[in-house]
Amino acid sequence: MITLLDQPPYRPAPAHPAGTPTVSVLLADGHHLFRSGLGALLDREADLAVVAESTTAEEAAAEAARTRPTVAVLDPDLPGPGGPATAALIRDQAPATAVLLLIAVPRSADLQRAVADGVAGVLLKDVPPGALIAAVRELARGGRVYDPRLVLDVVRAPGAPLTPRELTVLGHVAEGATINEVAAALSLSPGTVRNYVSAAIAKTRGRNRCDAIRIARERGWL
């Protein structure tokens with residue numbers, strides 16, 4: 001079920017009857033002050049506990065394997081393969097962990113790629129504390145949470161001829177990933193990835209993959 005948060009006011013949760021947290025959280029963000037502040041905010045909640053922090057995609061995947069958190073809160077601009085790809089790494093290491101991306105700039109393509117890659121939640125970083133905490137709890141219950149501002153951008157955006165998987169593959173290529181790296185991140189064969197890239201080039205009517213990326217970005221698809 002997809003829940004669109006209405007940004008409720010922040011109120012700390014009452015103490016858990018058992019006195020122990022019920023939701024473990026992994027934080028992955030390259031900005032120390034933001035990560036520390038977010039960690040302090042979540043740790044104030046009686047039912048939440050930050051069990052690990054990391055600053056890169058590789059660290060996040062390693063910490064997910066070590067701690068098996070209920071929810072992983074990620075910055076999509078982490079050093080490494082990027083948010084959706086990092087989410088795939090975390091799923092490989094901890095399949096039960098739900099991933100919440102916190103993005104700084106509203107881009108409808110980020111939401112489309114995240115949904116295609118199985119990310120359970122996407123919020124803008126300027127959400128009120130209460131909305132973020134509610135999102136973590138919703139993901140822990142198995143729900144999905146997408147920022148309504150991003151959803152509105154998707155609705156308003158002109159229809160892209162590319163499928164969600166083609167957009168995902170083209171997005172990884174746009175970030176500098178090789179065919180083999182994209183294949184590993186998405187659990188596909190290199191040949192399948194090449195087919196997706198070729199389809200994206202044909203549908204955008206680009207001359208090559210660089211031209212396809214440029215066209216997709218200019219039209220707001222990527």
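**Helices, strands and salt bridges**

Me: What follows α5, and what is its phi like?

Reply: Gly142 comes after α5, and its phi is positive, near 95°. Helices (H or I, at least four residues) and strands (E, at least two) are DSSP runs, numbered from the N terminus. This is a predicted model, in which local features need pLDDT of at least 70 and side-chain atom pairs count only at pLDDT 80 or more, while totals for chains, interfaces and linings use all residues. Residues are numbered from 1 along each chain as its sequence is written, and side-chain values use heavy atoms, with hydrogens and water left out.

Me: OK, and what is the mean pLDDT?

Reply: It's 82 for the protein, with 81% of residues at 70 or more. pLDDT is the predictor's confidence in each residue, from 0 to 100.

Me: Where is confidence lowest, and where highest?

Reply: Strand β1 (residues 2-3) is lowest with a mean of 48, and strand β2 (residues 23-28) is highest at 95. Also watch residues 5-17, where pLDDT stays under 50. The model still has 30 contacts (heavy atoms within 4.5 Å) for that stretch beyond four places in sequence. Where pLDDT is low, the predicted coordinates should not be read in detail.

Me: Back to α5. How many of its residues are buried?

Reply: Nine of its 12, which leaves the helix mostly covered. Buried means under 20% relative accessible area, exposed over 50%, and partly exposed in between (1.4 Å probe, protein chains only). Leu132, Ile133, Val136 and Leu139 are among the buried ones, and Arg137 and Glu138 are on that list too.

Me: What about Glu138, which residue does it meet?

Reply: Arg141, in a salt bridge at 2.8 Å, N to O. Glu138 counts as buried because its relative accessibility is 16%, whereas Arg141, at 61%, counts as exposed.

Me: Which residues are linked in a network?

Reply: Asp29, Asp75 and Lys125, through salt bridges. Over in helix α10 (residues 209-218), Asp211 and Arg214 sit three residues apart, about one turn, and their side chains meet in a salt bridge at 2.6 Å, N to O.

Me: Switching to strands. How do β2 and β3 pair?

Reply: In the parallel sense, over six bridges. Two strands pair if DSSP finds at least two bridges between them. Val25, for one, has Val50 in β3 as its bridge partner. From β2 the chain goes through α1 to β3, a right-handed β-α-β crossover: with the strands pointing away from the viewer, the path from the first strand over the helix to the second runs clockwise.

Me: And how many β3 residues are buried?

Reply: Five of its seven, so by that cut-off β3 is mostly covered.

Methods: Salt bridge = Lys/Arg side-chain N within 4 Å of Asp/Glu carboxyl O.
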